[in-house]
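Here are my notes for you, point by point. Please keep the model open beside them as you read.

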Amino acid sequence: MLARSDAKGAIPPALVEPGGGFLTSAAVLHLQRAVGNAAVASLLGRQSRRPLTVQRYEIEGPFDINDPVHETITQEALKQAGMIGPKAKYSDTEAWEYARGAMWNDDPQGELFDKNKKRTDDYSSGLQWYRHFSGFEKRAGKGEQFGPDAELLARSHFGDLQFLHGMAADMEKASVTRAHMMMWAEFTYKVAIGEIPVTTRLGAVTVPGFVELFPKQKQLTVNDLFQVAEVGDATKRAAGSLMHMIQDSYASGHTERTAEAGGHKGGVVSFHSYVHQSHKKHDAYDKLPSGKGSDVGKLNRLPGATDAVAKSAQILKLIKDKKPWEDAELYLKLEVFNLEPMTRPASAGKDFKEDSDKTPEPALELTEPLPPVNDAIVPNTGLRVG
Ligand SMILES: [Zn+2]
């Protein structure tokens with residue numbers, strides 16, 4: 001699919017070394033900030049008089065990679081689920097592996113961290129990730145499609161794994177995107193509760209559709225996929241990756257949902273495609289509101305964020321109690337990735353198009369019948385769950 005460089009998000013020319021070198025040290029700091037390196041952000045805050053709103057590189061993906069939004073939502077969800085103390089931070093030992101997993105969807109090749117045999121929070125410069133990412137962005141901009149044979153980073157941001165962010169390729173039916181999301185949910189949930197051991201080779205994972213999605217990774221283990229070697233915990237990282245997908249699906253730029261009372265979001269109307277979106281508009285809904293206050297306080301003002309915390313927490317509770325996948329499946333299909341009876345194929349979304357883009361929205365169409373969930377009947381309604 002296509003993606004464009006956004007002039008506003010590009011690296012300021014002053015940060016590029018004269019004479020064709022790659023990047024100045026200032027640029028490195030810029031990039032570390034851009035990819036969410038909290039340690040560098042605090043460094044900049046102390047040493048620089050420049051405002052912290054450093055111009056940044058805008059990318060597809062998370063509830064913004066620039067702010068620690070996924071980490072903060074995951075932290076709050078862990079608290080709601082009673083899995084960490086009320087004052088714990090995502091960077092604390094008890095929460096960190098979940099937070100690290102929540103970053104995996106943006107960094108599926110582990111390039112935002114240095115390999116370290118003793119700790120898993122050793123942030124890299126981010127340069128390798130950035131070079132890699134911008135290379136894929138250019139190729140995608142020329143029309144290259146990234147499918148199962150491509151690298152995971154390309155697939156996650158510009159290709160067939162965009163469902164990891166609650167997004168989809170242009171005109172993909174919502175039921176197709178949801179099927180992919182449920183497949184990823186089943187895999188990550190089963191890893192999280194230990195049903196799929198972390199030493200399992202990906203080629204031996206029996207979740208329908210999974211092996212076809214990772215033909216080049218068949219020999220890798222679950223640990224390898226989540227970059228767990230000497231230290232780290234792939235069960236928690238898998239849970240974190242599931243959190244990321246749930247959370248993104250409540251970000252307005254990623255997924256259109258119905259509006260419910262009290263500012264809550266309801267069923268899915270459409271998954272968005274990044275191709276023709278205004279990156280600026282997409283990002284406006286992805287980051288913490290500006291102004292004073294703690295990250296948690298700001299989070300509560302971000303549309304969709306309180307739902308994202310509550311839904312994430314519910315899944316974490318099921319994981320904590322090691323409930324079978326079927327329980328989580330039911331919850332996800334009914335309460336999280338529930339499709340409206342009428343849905344739209346994927347598009348930029350009317351609120352996220354460039355102002356000059358007059359393309360009409362794809363029409364609403366009847367949602368394709370969804371397969372029943374283990375013949376489950378929704379309590380008290382008699383409805384069969386789709
Ligand atoms: Zn994302």
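1. Let me begin with a glycine in a loop. Gly232 lies between α9 and α10, where helices (H or I, at least four residues) and strands (E, at least two) are DSSP runs numbered from the N terminus. With 19 C-beta neighbours inside 10 Å, Gly232 counts as partly exposed. On this scale a residue is buried if 20 or more other C-beta atoms lie within 10 Å of its own, exposed if 12 or fewer, and partly exposed in between, with C-beta atoms placed from the backbone. Gly232 and Thr120 are 112 residues apart in sequence, yet their C-alpha atoms are 6.3 Å apart in space. Neighbours within four places in sequence aside, Gly232 is in contact with Glu97, Thr120 and Arg237; contact means that the C-beta atoms, placed from the backbone, lie within 7 Å.

2. Before going further, a word on what you are looking at. This is a predicted model, in which local features need pLDDT of at least 70 and side-chain atom pairs count only at pLDDT 80 or more, while totals for chains, interfaces and linings use all residues. Residues are numbered from 1 along each chain as its sequence is written.

3. Now the overall picture. The chain has 14 helices and four strands. Of its 386 residues, 45% count as buried. Among contacts between residues at least 6 apart in sequence, 65% join residues at least 24 apart.

4. Most residues other than glycine have a negative phi. Is Gln227 buried or exposed? With 20 C-beta neighbours inside 10 Å, Gln227 counts as buried.

5. Met171 is in the loop between α6 (152-158) and α7 (174-192). Met171 counts as exposed because it has 11 C-beta neighbours inside 10 Å.

6. One more loop residue, please. Leu202 is placed between α7 and α8 (210-213), and with 21 C-beta neighbours inside 10 Å it counts as buried. Which residues does Leu202 contact, leaving aside its neighbours within four places in sequence? They are Phe214, Gln217, Lys218, Leu220 and Leu225. Between Leu202 and Phe214 the separation is twelve residues in sequence and 7.5 Å in space, C-alpha to C-alpha.

7. On to helix packing. Two packed helices are described by the angle between their axes and the distance between the axes. Helix α3 (residues 69-80) and helix α13 (residues 305-320) have axes that come within 8 Å and cross at roughly 50°. Here axes are lines fitted to C-alpha atoms, for helices over the stretch in contact, and angles run from 0 to 180 degrees between N-to-C directions. The two helices are therefore oblique to each other; angles under 35 degrees count as roughly parallel, over 145 as roughly antiparallel, 65 to 115 as roughly perpendicular and the rest as oblique. On the α3 side, the contact is made by Ile73, Thr74, Glu76, Ala77, Leu78 and Gln80, and on the α13 side by Ala305, Ala308, Val309, Ser312, Ala313 and Leu316. These divide into eight nonpolar, three polar and one charged, where Ala, Val, Leu, Ile, Met, Phe, Trp, Tyr, Cys and Pro count as nonpolar, Asp, Glu, Lys and Arg as charged, and the others, Gly among them, as polar.

8. Lys311, Gln314, Ile315 and Leu318 of α13 meet Asp327, Ala328, Tyr331, Glu335 and Val336 of α14. This contact has five nonpolar residues, one polar and three charged.

9. Last, a hairpin. Strands β1 (residues 255-259) and β2 (residues 265-271) pair in the antiparallel sense over four bridges; pairing requires that DSSP finds at least two bridges between the strands. Five residues lie between β1 and β2, and Gly262 in the turn has a positive phi of about 75°. Ala259 has Lys265 of β2 as its bridge partner, and Thr255 stands opposite Phe271.

Methods
Two residues are in contact if their C-beta atoms, placed from the backbone, lie within 7 Å.
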